[in-house]
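Work through the exercises below with the sequence and the 3D structure at hand. Try each task before you read its solution.

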Amino acid sequence: MQPWLRFDMNSSVLDWLGLLLKRDLIIAFRRSSTYITPLVFFLIVITFFPLALGPQESLLSSLAPGVIWIAALLASLLAVESIFSEDFRDGSLDDFFISLEPSFVLVFAKVMIHWLITGLPILIASFLAAIILYLPLDSFVPMIISLLLGTSFMSLLGAL
Amino acid sequence: MLPNLKVENLSYVRSEKAIFKNLNFEVLPGQNIEIVGSNGSGKTTLLRTLLGFINKAEGIINWLDEDNNFNEYRSFDCFYQGHQMGIKNLLTVFENLKLTHNAKGMSEKDINKCLERVGLYETNEMASDLSVGQKKRISIARWLLKDFKIYFIDEPFTALDDPASDLIKEIINELNQKGSSFVITGHRSSNINATLVEI
């Protein structure tokens, strides 16, 4: 039987997904630059705006959603190329592709991990950004939802 | 006895130059194939072609399936070790084994047994602190995680001292007894019990 016909969402696939998540999260936390660099970049961009434009609440609050979005996208871009490159360089990507498990599990896990270590910290930091830039409360929820989608999309883009 | 892998008239062409052509061999259970050739002769390319990482130019690669039929799709687990050994520097020796899909369901004790078999006792050491030879030992310990039908190993004896080379030969022999086969590459014959394929 051909390999793709043998696929079902059995426990082995879920185990594999869990294993990948665990492995990559351990590596990411041991190499703090993976998540700190985009986060620091995001916060630097955000804090520069009040410094450059002055602390006028009305001006900052009208610019806030756009500024947060652009800063989040640029910060996500910093880490986009690293999704598969390390596994490719050290040969572990071969190990995944030779196994009989479906490759989309690997792609899904890598995208999810990338979002967890780059998108999620940015999403959390955007709460602070919203305060710094006087983001109106009624714009806050739509912005967080759009950032959630935007950062996920950036991680998906990085997997292309 | 049917071979697990049958290669017929396999050729690979890169930039209009034949890297290898008309290769024929069979990988029988418990028997080994040693692909010997100089630098750039296409040994790695051949392994990667067999495993489907690279598209072949011509020829037939047939795998035996559960119903004893040959087809072009592999339906059993194989092990591949390339020049990059898949070792993560930011993981410990133990984690480098435990966090691979082949170690799924294995106990800590069994994993440590694999590591001890290859002479690695400091299992909490970070892989980044190890020499190339020691990293290779982690990779060899991975061979023992599961009984694979065929092991494709690219230059297993490179960067190893004599005791480590002897250990590999010993492990290959042990795994052969269990019915596993090895397809290995090298610049010269390594004196393991294998059919030589020169490219």
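A residue is buried under 20% relative accessible area, exposed over 50%, and partly exposed in between (1.4 Å probe, protein chains only). This is a predicted model, in which local features need pLDDT of at least 70, side-chain atom pairs count only at pLDDT 80 or more, and totals for chains, interfaces and linings use all residues. Residues are numbered from 1 along each chain as its sequence is written, chains are lettered from A and ligands numbered from 1 in the order in which they are written, and side-chain values use heavy atoms, with hydrogens and water left out.

**Exercise 1.** Classify B:Y80 and B:F53 as buried, partly exposed or exposed.

*Solution.* Start with B:Y80. Its relative accessible area is 7%, so B:Y80 is buried. Now take B:F53. Its value is 24%, so B:F53 is partly exposed.

**Exercise 2.** Decide what kind of aromatic pair B:F53 and B:Y80 form.

*Solution.* Recall the rule. Rings of Phe, Tyr and Trp (its six-membered ring) pair if their centres lie within 6.5 Å; planes under 30 degrees apart are stacked, over 60 edge-to-face, the rest tilted. Over all chains, this rule gives twelve aromatic pairs. For B:F53 and B:Y80, the centres are 5.7 Å apart and the planes meet at 55°, so the pair is tilted. Next, locate the two residues. B:F53 sits in the loop between α1 (43-50) and β4 (58-64) of chain B, and B:Y80 in strand β6 (residues 78-81), 27 residues apart. Helices (H or I, at least four residues) and strands (E, at least two) are DSSP runs, numbered from the N terminus.

**Exercise 3.** Describe the interface of chain A and chain B.

*Solution.* Count residues in contact (heavy atoms within 4.5 Å). Chain A gives 28 residues and chain B gives 28 residues. Then take the buried area, the accessible area (1.4 Å probe) lost when two parts are put together, summed over both. Here that area is about 2,400 Å², with 60% from carbon and sulfur atoms. A:L19, A:R30 and A:I98 supply 26% of what chain A buries against chain B, more than any other three residues.

Last, look for salt bridges (a side-chain nitrogen of Lys or Arg within 4 Å of a carboxyl oxygen of Asp or Glu). The interface has five. One of them joins A:D90 to B:K88, with the closest N and O atoms 2.7 Å apart.
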